[in-house]
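Please keep the sequence and the coordinates at hand while reading.

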Amino acid sequence: MSEQNITRIDLNGKELILIGTAHVSKQSAEQVKEVIEAEQPDSVCVELDEQRYQSIVDSNKWKDMDIFKVIKEKKASLLLMNLVISSFQKRMAKQFGIKPGQEMIQGIESAKEIDAELVLADRNIQITFARIWHNIGFWGKAKLLMEIFGSIFNKEDISEADLEKMKSQDMLDSMLHEFTVSFPKLKVPLIDERDQYLAQKIKEAPGNKVVAVLGAAHVPGIKEEIYKDHDLDAISQRPPKSNAPKVIAWMIPIFILSIIGYTFYANPSIGVDLTVSWILWNGGFAALGAAIAFGHPLSILTAFIVAPISSLNPLLAAGWFAGFVEAYIRKPKVGDFENLSDDVFTVKGFWSNMVTRILLVVVLTNLGSALGTFIGGADVIRMFIQNILGA
């Protein structure tokens, strides 16, 4: 049996065998099968959380999705991000004729075959994204979304040799490598904290012999963290929400409304001009976002009408309203959910599938509205200074 990509650790008489894998490598899947059959461990740990495990074992999960609930619970961006990552993974897997995450699937199947305990050893992906989101600020969020969406358009094939080199990177990290260079803080929730979480779960797995199937980026960190004790509850907490964004979110609309209100008092005609500017910039960019998503004309109109109002109320978002209209008019069919895992593989599929189109309408409308708020607000202030203060 080849020992390449295998790390053996003896911890207080317990044998831990770490297999470093590439998440779309045929060789990795074969090695996982070979190691588990040869070692006959008591437990098999896989780098999955409950959500990702269910997506592997339940191929019909998309059919049960309530798209209205996704929008209502403000999870459209998270779901879209997951789908884009799935697209990146699937594109490489299709190139080499294997299933995405085949080594994890193999770990699950092999554990069942030898009647070993299966341990889902990774942190909840929503917690990981929440902690990433918390660390990177507004412009970081915008850059992250551009980085992720850019992966859809990247059709460059990679060689199998390059794929094997990716064993030194986690699937998420391989997607966001350039981003982690620009934003070093991203490495903490994406890699370091998960190293600690995985190490603790592997260490606590039942039995005297444990095999862990891991993205190879985590192996060096786990080798270091395995000898320490980690508080899983502490690194599984959603980050506390700062009050500063809420204060700023309310201060901006109050400031804009105050300027427009005073302008109407001082010069009603200029007040009308300021109001029109706010509506056109805000509504225009929101409508543009919905249009880029190929939203229904009524969804685009909804984005235009709602954005100037929702931007003055932090509790509302134009994308939610546009998304609800899109979902109501173009209700996803069973086939859209059935084809979702295939459609996310292509740009055309992303925009033609009714499910992903609704998500795109929500996300791009909100991005457009945010941009319109900055530009429209700046224009309102400019006109106020020129026509009222400068008068």
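Strand E3 and strand E4 (residues 117-120) run parallel and are joined by four bridges. This comes from a predicted model, in which local features need pLDDT of at least 70.

Which way do the residues of E3 point, and are they buried or exposed? Ser43 and Cys45 point one way, Val44 and Val46 point the other way, and all are buried. The general rule is that side chains in a regular strand alternate between the two faces of the sheet.

E5 has a further partner: E2 pairs with E5 in the parallel sense over seven bridges, and Ile19 stands opposite Val213 of E5. On E2, seven of the eight residues are buried, so the strand is mostly covered. The pairing of E2 with E1 is antiparallel and has six bridges, with Thr7 opposite Leu18 of E2. E1 and E2 form a hairpin with two residues between them. In that turn, Asn12 has a positive phi of about 50°.

Helix H1 comes next. H1 comprises the 14 residues 26-39, which at 1.5 Å a residue should span 20 Å; the C-alpha atoms at its ends are 20 Å apart, so expectation and model agree. Which residues of H1 are buried? They are Ser28, Ala29, Gln31, Val32, Val35, Ile36 and Glu39. These residues lie on the same side of H1, because they cover an arc of only 160° around the axis. An α-helix has 3.6 residues a turn, so residues three or four places apart point the same way. The cover over the buried residues of H1 includes strand E1 (6-11), strand E2 (14-21), strand E3 (43-46), strand E5 (209-215) and helix H5 (102-113). Just after H1, Gln40 takes a positive phi of about 50°.

The largest nonpolar core has 28 residues. Ile67, Leu80, Leu83, Leu359 and Leu360 are those with the most contacts inside this core. At least two residues of the core come from each of helix H3 (67-72), helix H4 (76-95), helix H14 (268-292), helix H15 (297-310), helix H16 (318-329), helix H19 (347-352) and helix H20 (354-389). H20 gives the most, with eight residues.

Thr263 is in H13, which comprises residues 243-266. Thr263 counts as buried because its relative accessibility is 0%, where the cut-off for buried is under 20%. The side chain of Thr263 reaches the backbone oxygen of Ile259 at 2.6 Å. Apart from neighbours within four places in sequence, Thr263 is in contact with Pro268, Ile270, Gly271, Leu274, Phe384 and Ile388.

Met251 is also placed in H13. Is Met251 buried or exposed? Met251 counts as exposed because its relative accessibility is 51%, and the cut-off for exposed is over 50%. From C-alpha to C-alpha, Met251 and Leu312 are 9.6 Å apart in space, while in sequence they are 61 residues apart.

Technical notes: Residues are numbered from 1 along each chain as its sequence is written. This is a predicted model: local features need pLDDT of at least 70, side-chain atom pairs count only at pLDDT 80 or more; totals for chains, interfaces and linings use all residues. Side-chain values use heavy atoms; hydrogens and water are left out. The expected span of a helix is 1.5 Å times one less than its number of residues. Buried means under 20% relative accessible area, exposed over 50%, partly exposed in between (1.4 Å probe, protein chains only). The arc is that of the directions from the helix axis to the C-beta atoms. Contact means heavy atoms within 4.5 Å. A nonpolar core is a set of buried Ala, Val, Leu, Ile, Met, Phe, Trp, Tyr and Cys residues joined through side-chain atoms within 4.5 Å. A polar contact is a pair of N or O atoms within 3.5 Å; within protein, one must be able to donate a hydrogen and the other to accept it, and residues adjacent in sequence count only if both atoms are side-chain atoms. Two strands pair if DSSP finds at least two bridges between them.
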